[in-house]
Amino acid sequence: MLMSRKVLGAATVCTLLIAGATEARDAVLLRGHSGEVVPASSLPKFTGGSGQKLTIPGGPTFNITYDDGAGVGFNDATHGANRKAVVDAVLTYIGERLDHTGTCDVVFETSQSDGTGFLASAGTLYFVGENDYAGGFAFDHLTTGTDPDGGSADIYCTVDFGYTWNNDTGPVGPGEFDLYSTLLHEMTHGLGIASLTNSDGTSQIAGTRTSYDNLLFQISGDVKVWAAGPGSMNFQASSLNGGTNTVEFRGAQSIADYAGGATFPRVDTPAVFAAGSSVSHFQSPNSITSGSPTPEATVMQRSTPPNTERREFVAFELGALEDLGYTIKNTSSSRDWLMY
Ligand SMILES: [Zn+2]
């Protein structure tokens with residue numbers, strides 16, 4: 001408990017959850033983009049049953065809960081049904097690619113409406129003090145079928161509907177942000193494309209780093225950003241705000257599917273460190289020199305302009321999920337198709 005309070009006092013990071021205690025283990029939600037760290041005790045409890053169940057044939061089951069009150073956000077009289085249909089479409093897209101039959105509990109917290117700050121944020125929970133690299137609750141629940149903490153969801157997401165959105169699965173229009181693309185991005189943070197790091201390399205969640213963190217290398221000096229292995233996850237890089245082409249994601253599958261395997265995908269490390277965003281995204285433009293996928297197509301880049309759709313993972317992003325420990329279905333054919 002003390003540890004988790006310490007974490008709570010710390011943070012700003014993309015979307016990580018610091019969730020509450022279960023038995024002897026404290027967990028924490030880190031919200032992507034905002035970097036807000038939230039104790040589980042402050043999160044809406046996951047009640048199951050009150051939401052919607054989406055089962056992918058031969059794949060995972062998503063239990064979806066919406067916390068919005070009547071008439072607003074995902075329950076908006078005009079757009080609510082379409083917005084929920086977008087959620088279903090995004091989770092179906094993800095679920096059809098995961099060769100796992102576990103479960104993922106997703107809570108859409110009370111939506112924002114001020115049209116300032118982040119379009120949306122999301123993240124998964126991690127136990128405090130793992131003394132190791134961790135995949136997070138969503139990874140654990142999806143891949144093992146065992147719920148890490150029945151009182152908490154696996155992914156929490158908040159959307160700001162104060163912006164002008166394309167609320168359905170039709171083409172995005174001028175001036176609109178694409179809800180589908182945004183939710184695909186946010187859910188993928190929840191799957192585990194997320195760093196827990198502070199600007200100085202310490203973790204926002206004491207004693208715990210992510211499986212994604214475990215695959216990051218500083219290009220200069222060929223240094224693993226954090227030392228290998230349980231209990232020795234010390235920061236070894238010189239900085240996390242070195243600008244472009246300074247840190248890369250060295251997952252074997254990501255490079256296998258990335259621009260012919262010439263180089264690893266680069267990680268976003270802007271000169272001004274932004275907790276919750278820096279390191280948790282792929283750099284754009286990336287290090288691709290020619291051919292596909294085009295840098296602009298990546299789902300997991302830091303920001304998006306309006307009138308832009310990024311509704312499909314590029315090949316190296318699916319590879320990165322595989323590197324985190326997921327089994328991806330129909331590997332070659334889906335990746336070929338995804339190359340655009
Ligand atoms: Zn993000």
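Which residues line the largest cavity?

Modeller: Happy to! First, this is a predicted model, where local features need pLDDT of at least 70 and side-chain atom pairs count only at pLDDT 80 or more, while totals for chains, interfaces and linings use all residues. Residues are numbered from 1 along each chain as its sequence is written, and side-chain values use heavy atoms, leaving out hydrogens and water.

Now to your question. Around the largest cavity you will find Tyr 126, Ala 134, Gly 135, Phe 139, Leu 191, Gly 192, Thr 210, Ser 211, Tyr 212 and Leu 324. (A cavity is a set of points on a 1 Å grid over the protein atoms alone where a 1.4 Å probe fits but cannot get out, and lining residues have an atom within 4 Å of a point.) The space in this cavity is about 40 Å³, and the structure holds one cavity of 30 Å³ or more. Its lining has six nonpolar and four polar residues, with no charged ones; Gly counts as polar here, and Tyr as nonpolar.

Next, look at the helix α6, which covers residues 315-323. (Helices are DSSP runs, H or I, of at least four residues.) Gly 325 follows α6 and has a positive phi, near 120°.

For the wider setting, turn to the nonpolar cores, which are sets of buried Ala, Val, Leu, Ile, Met, Phe, Trp, Tyr and Cys residues joined through side-chain atoms within 4.5 Å. The largest one has 64 residues, and Phe 108 and Met 187 have the most contacts inside it. Leaving aside residues up to four places away in sequence, Met 187 touches Val 90, Leu 91, Ile 94, Val 106, Phe 108, Ala 122, Ile 155 and Cys 157. (Contact means heavy atoms within 4.5 Å.) Another core of 10 residues lies apart from it, with Ala 27, Leu 29, Leu 43 and Phe 127 among its members.

Finally, a word on confidence. The chain's mean pLDDT (the predictor's confidence in each residue, from 0 to 100) is 83, and 81% of its residues reach 70 or more. Read residues 1-24 with care: pLDDT there is below 50, although this stretch has 122 contacts beyond near neighbours in sequence in the model.

Technical notes. Buried < 20%, exposed > 50% of the residue type's maximum accessible area, 1.4 Å probe, protein only. 1 Å grid on protein atoms, 1.4 Å probe; cavity = no way out; pocket = protein on both sides within 12 Å on 5 of 7 lines; lining within 4 Å. Points joined across faces, edges and corners; volume = space filled by probe spheres on them. Helix = DSSP H or I, 4+ residues; strand = E, 2+ residues; numbered from the N terminus.
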